Amino acid sequence: MKPGVRALGIAESYSEQSDRADMDTNTTTTSTLAGAVVRASRVVDGLTFGSCTVGGTDATDAVGSLVSDLEREDVRYVLLGAVAPAWYNVLDLKRIARRVDRPVIAVTFEASDGLESGLRDAFSGEALECRLELYRDLPPRRAVAVNDETVYVRAVGLADDEAAEVVRAFTPEGGRPEPLRVARFAARAGDAYVREGRTRAGTGSGDGN
């Protein structure tokens with residue numbers, strides 16, 4: 001892959017401290033989304049931020065808006081670090097791919113028996129059924145060897161073999177693609193910044209003027 005090819009990695013971050021702060025103020029808990037544009041040569045040349053609701057159903061639209069608002073036609077691939085971020089806010093990968101008009105690759109990092117059991121423990125009724133429908137419509141998960149590690153890939157808009165090559169091309173070392181590694185750092189920093197702002201607002205701290 002040419003070194004100038006770009007991918008957008010999207011990761012999310014939220015914390016129990018954020019949960020408690022929102023509970024205290026009776027506001028909705030949100031998760032910070034971060035997008036990092038990274039070239040295959042490991043050069044970072046763009047960051048963007050958004051949010052979605054913890055336990056909600058808005059992550060698909062939030063991811064689509066994040067990509068659209070970035071306005072980077074030079075991004076060839078969109079890499080996602082989860083299929084159910086922000087406590088089971090299940091993504092519709094096919095809808096995201098249609099909206100952003102480029103391939104979408106979800107990469108996860110642990111072997112799993114799937115999310116259905118967790119979804120059934122957390123939700124019931126219509127809330128459960130809509131999440132199960134989205135989850136069951138996801139493309140199959142495929143194990144991919146990357147360096148000395150194994151990751152698990154779902155892809156929309158390109159063949160499995162090509163998706164595996166994209167993941168490897170953007171993973172110069174270890175098992176986490178560079179766009180997702182950078183996006184995870186950015187999401188954590190963004191979430192900490194938002195959380196600190198909430199804490200200050202809640203305590204009324206300031207310069208006294």
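**View 1. Residue classes in the lining of the largest cavity of this predicted model.** The lining divides into five nonpolar, no polar and two charged residues; Ala, Val, Leu, Ile, Met, Phe, Trp, Tyr, Cys and Pro count as nonpolar, Asp, Glu, Lys and Arg as charged, and the others, Gly among them, as polar. It is made up of Arg142, Val144, Val153, Ala155, Asp160, Ala163 and Ala164. At least two lining residues come from each of β6, β7 and α7 (160–169), and α7 gives the most, with three. The space inside is about 30 Å³, and the structure holds one cavity of 30 Å³ or more. A cavity is a set of points, on a 1 Å grid over the protein atoms alone, where a 1.4 Å probe fits but cannot get out; a pocket is an open set with protein on both sides within 12 Å along at least five of seven lines; lining residues have an atom within 4 Å of a point. Grid points are joined across faces, edges and corners, and a volume is the space filled by probe spheres set on the points.

**View 2. The hairpin of β6 and β7.** These strands pair in the antiparallel sense over five bridges. Ala143 has Tyr152 in β7 as its bridge partner. Two residues lie between the strands, and Asn147 takes a positive phi near 55° in this hairpin. Strands (E, at least two residues) and helices (H or I, at least four) are DSSP runs, numbered from the N terminus. Two strands pair if DSSP finds at least two bridges between them.

**View 3. The open sheet of seven strands.** The strand order is β3-β2-β1-β4-β5-β7-β6, with mixed pairing. β3 (44–53) and β6 (142–146) are at the edges with a single partner strand each, so one side of each is left without a neighbour in the sheet. On average, neighbouring strands are turned by 30° against each other, direction ignored. Strands β4 (residues 75–80) and β5 (residues 104–108) run parallel and are joined by three bridges. Leu80 stands opposite Ala106 in β5.

**View 4. Helices α2 and α4 on the sheet.** Helix α2 (residues 59–70) packs on the sheet and touches β1, β2 (30–39), β3 and β4; its direction makes about 150° with that of β3. Helix α4 (residues 93–100) also packs on the sheet, touching β4, β5 and β7 (149–156), and its direction makes about 140° with that of β5. Contact means heavy atoms within 4.5 Å. Axes are lines fitted to C-alpha atoms, for helices over the stretch in contact, and angles run from 0 to 180 degrees between N-to-C directions.

**View 5. The largest pocket.** About 760 Å³ of space lies in this pocket. It is lined by 29 residues, of which Gly81, Ala82, Val83, Ala84 and Thr108 are the closest to its centre. β1 (6–13), α3 (85–88) and α8 (178–203) each supply at least two lining residues; the largest share, four residues, comes from β1. By class, the lining has 17 nonpolar, five polar and seven charged residues.

View 6. pLDDT is the predictor's confidence in each residue, from 0 to 100. The protein averages 91, and 88% of the residues score at least 70. Where pLDDT is low, the predicted coordinates should not be read in detail.

**Notes to all views.** Residues are numbered from 1 along each chain as its sequence is written, and side-chain values use heavy atoms, without hydrogens and water. In this predicted model, local features need pLDDT of at least 70 and side-chain atom pairs count only at pLDDT 80 or more, whereas totals for chains, interfaces and linings use all residues.
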